[in-house]
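Hi there,

Here is the structure I promised to pass on. Have a look, and my notes follow below.

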Amino acid sequence: MSDTARARKLADRIRVVVAETLQRRIKDPRLGYVTITDTRITGDLREATVFYTVFGDDEERAASAAALESAKGVLRSEVGRQTGVRFTPTLTFVPDALPENARTIDDLLAKAREADAQVREASSGASYAGDADPYRKPGEDEDEADEEPGADGDGPGADGKADKESGTDGKGSSDA
């Protein structure tokens with residue numbers, strides 16, 4: 001059984017240690033503008049997955065991935081030294097999909113804005129098919145409400161229920 005609070009604390013500590021070590025100790029020219037975005041660790045505290053983003057094009061991302069793989073040993077030893085756990089977790093670097101997801105969402109929002117603009121343009125000169133406000137308001141058309149059968153409340157079955165006093169259902173037949 002694992003302690004999730006301990007795993008979460010260790011994952012946060014690993015993220016900080018890896019980020020600081022990349023900034024201060026690793027002097028690989030292939031390493032671009034790398035940002036450590038998240039770290040997740042397994043329940044047995046043996047494997048840590050470090051998510052990162054790289055500012056730049058595909059070539060810079062590939063070079064930064066190679067630099068992180070070559071610096072994996074130094075980073076793992078620094079994590080072991082600074083965390084003090086019995087078994088230092090193995091590090092796996094995974095490029096974070098957050099920028100691609102954000103770009104996809106931005107594209108979808110732009111398409112929605114274009115569709116809204118087209119609808120707004122098409123509806124600017126249009127008129128309503130019926131009245132502008134199709135709903136009845138209290139006080140309007142009272143003469144129409146009086147003409148409906150059973151609307152005045154008198155007569156058997158006006159409320160749709162059986163007449164309890166006479167034992168009829170409002171149609172003249174008796175259930176007794």
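**What I found**

Among contacts in the protein (heavy atoms within 4.5 Å) between residues at least 6 apart in sequence, 56% link residues at least 24 apart. Please note that this is a predicted model, where local features need pLDDT of at least 70 and side-chain atom pairs count only at pLDDT 80 or more, while totals for chains, interfaces and linings use all residues. Residues are numbered from 1 along each chain as its sequence is written, and side-chain values use heavy atoms, leaving out hydrogens and water.

The protein has five helices and three strands, in the order α-β-β-α-α-β-α-α; these are DSSP runs, with helices being H or I of at least four residues and strands E of at least two, numbered from the N terminus.

Of its 176 residues, 20% are buried, meaning under 20% relative accessible area with a 1.4 Å probe, protein chains only.

Now for the inside. Beyond its neighbours within four places in sequence, Leu91 contacts residues including Ile14, Val18 and Leu75.

Best wishes

Definitions and conventions. Buried < 20%, exposed > 50% of the residue type's maximum accessible area, 1.4 Å probe, protein only.
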